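Please view the sequence and structure first.

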Amino acid sequence: GAYVFDRQDETVTLGDSQIVLTAKEFALAHLFFLNLHNPLSRRYLMEAVWKSVAELTTRTLDMHVSRIRAKLQLRSDNGYRLQTVFNYGYRLESC
């Protein structure tokens, strides 16, 4: 698609623009794109990105997802949207 992930430099390019992400944001975004259309549980995301199985007492995961949505412009006109799966987690879908 329009998004190009460079795992070595941990950068994402959308069209001609390079998008700056933190290491955790990059890991989370890359995980969503690798699992396109598959719902990912909050627990799985925490284990995969933060190497933690503890339940979040803060909104850390939600804040990272919100930043990824904004920075990567994950909306229908760019061909992807990041959906909340109620009481479960998140799913990246192509439009």
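Axes are lines fitted to C-alpha atoms, for helices over the stretch in contact, and angles run from 0 to 180 degrees between N-to-C directions. Helices (H or I, at least four residues) and strands (E, at least two) are DSSP runs, numbered from the N terminus. The model is predicted: local features need pLDDT of at least 70, side-chain atom pairs count only at pLDDT 80 or more, and totals for chains, interfaces and linings use all residues. Residue numbers start from 1 along each chain as its sequence is written, and side-chain values use heavy atoms, without hydrogens and water.

**Helix pair**

H1 and H2 pack at an angle of about 130°, and their axes lie 10 Å apart. H1 is therefore oblique to H2; angles under 35 degrees count as roughly parallel, over 145 as roughly antiparallel, 65 to 115 as roughly perpendicular and the rest as oblique.

| Helix | Contact residues |
|---|---|
| H1 | Lys24, Ala27, Leu28, Leu31, Phe32 |
| H2 | Tyr44, Leu45, Ala48, Val49, Trp50 |

**Sheet**

Three strands form an open sheet, ordered E1-E2-E3, with antiparallel pairing. Strands E1 (3-6) and E3 (17-19) are at the edges with a single partner strand each, so one side of each has no neighbour in the sheet. Neighbouring strands are turned by 25° against each other on average, direction ignored. E2 (residues 11-14) pairs with E3 over three bridges; pairing requires at least two bridges found by DSSP. Leu14 stands opposite Ser17 in E3.

H1 (residues 23-34) packs on this sheet and touches E1 and E2. The direction of H1 makes about 125° with that of E1.

Definitions and conventions. Contact = heavy atoms within 4.5 Å.
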